[in-house]
Amino acid sequence: MIDILNLTKDFGDFRAVNDVSFSVERGQVLGFLGPNGAGKSTSMKMITGYLRPTSGTALIDGVDICQEPLRAQQCMGYLPEGAPAWPDMTPRQFLDFVTRIRGLDKAAARHAAGRAIEMTELHGVLDQPIDTLSKGFRRRVGLAQAIVHDPDILIMDEPTDGLDPNQKHQVRAAISEMARTKAIIISTHILEEVDAICTRAMIIDRGRVIVEGTPSALAARSAYHGAVVLTATSARADDLAAQLETLTQVRIEREDRGAEAIFRILRDDKSDETAAALFARVQACLEQMSAAIIGLALEAGRLDDVFRDLTRGAGAEASQ
Ligand SMILES: Nc1ncnc2c1ncn2[C@@H]1O[C@H](COP(=O)(O)OP(=O)(O)OP(=O)(O)O)[C@@H](O)[C@H]1O
Ligand SMILES: [Mg+2]
């Protein structure tokens, strides 16, 4: 549905997006991750035809966005960064305007607007000027206009930014639901969102794609992937620590949190042991001390560690 071909954007001497290529199929939600200034929004602006690439292009259901922007945009919904809208219109007027320029007839427009209003829970503010809406409601108006014509392709720049927890939950559920029949790209700084809704994630840094894969494959690149996490009562923590010291080929981190102590037991660089074998070894080592143990689990890996490892220092360099 979406084919990105060597997309590149220069602003003067500065290359904001550097030779980015990927595809998104129907049924997929691709998450763009990356530090501030990485080039996520700039890529989205080019994919949706709001910014002309310096080189490369995007094919939207086979239609070249640079050659035939209007045709490509017809099957696409776009929530731009900041969710701009006409401030003196009300959400009702704005959605009416959007459905009309999208070419829907009156009955279809009413139905479409009703569905979008339902999804974004805009009922209470339909006749209030957008200018006077709170940030979260303005964002919901932006979301409503992006989905109102039920497009096959959705590009959403930080769709849950500024939403309250209930709305975040609802919008994520709606994105997952829509993904069954659409191809979707979102950008986000909320890493748990990637786990919750993305089928694939891509970390972009300084205009380049540095890694991509399923959220669990990316998390598995974390140093904590396969670590054994032991939660224990703090009263017995020192005894447990002494017992854990007997384990070989491991590195142990300890974190004291009030009544609990958390130990992370990681295989050291020389170990070629499986995570399951380490888990069994830790269990055996602690056999006599089970009364002190609150929890013992295998860590799947943390996306935020991977993100930090791969993009560390980017902010400092980008600002030079
Ligand atoms: N019109 C422009 N002129 C000059 N530089 C620009 C322009 N638009 C974007 N940039 C620069 O391009 C880089 C990428 O910006 P972009 O907005 O795509 O980042 P982003 O990944 O969306 O960041 P954020 O997470 O903060 O939204 C930044 O360094 C930005 O300053
Ligand atoms: Mg951005």
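Predicted model: local features only at pLDDT ≥ 70, side-chain atom pairs only at ≥ 80, totals over all residues.
Reader: Which residues of H6 are buried?

Author: They are Gln167, Val171, Arg172, Ala174, Ile175, Met178 and Ala179. Look down the axis of H6 and these buried residues fall within an arc of 160°, so they line one face of the helix. On the face turned away from that buried side you'll find the exposed residues Pro165, Asn166 and His169.

Reader: OK, now H4 and H6. How do I describe two packed helices?

Author: You give the angle between their axes and the distance between the axes. Here, the axes of H4 (residues 106-120) and H6 (residues 165-179) come within 9 Å and cross at roughly 135°. H4 and H6 are therefore oblique to each other.

Reader: Which residues meet there?

Author: From H4 come Glu118, Met119 and Thr120, and they meet Gln167, Gln170, Ala174 and Met178 in H6. By class, that contact has three nonpolar, three polar and one charged residues.

Reader: What about H3: which of its residues are buried, and what do they pack against?

Author: In H3 (residues 91-101), the buried ones are Pro91, Phe94, Leu95, Val98 and Thr99. Viewed down the axis of H3, they fall within an arc of 130°, so they line one face of the helix. They pack against H4 and H5, while Arg100 and Ile101 are exposed on the face turned away. After H3 comes Gly103, with a positive phi near 85°.

How values were computed:
Residues numbered from 1 in each chain as written. Chains lettered and ligands numbered in written order. Heavy atoms only, no water. Axes fitted to C-alpha atoms, helices over the stretch in contact; angles between N-to-C directions. Helix = DSSP H or I, 4+ residues; strand = E, 2+ residues; numbered from the N terminus. Parallel < 35°, antiparallel > 145°, perpendicular 65-115°, else oblique. Contact = heavy atoms within 4.5 Å. Nonpolar A, V, L, I, M, F, W, Y, C, P; charged D, E, K, R; others polar. Buried < 20%, exposed > 50% of the residue type's maximum accessible area, 1.4 Å probe, protein only. Arc of directions from axis to C-beta.
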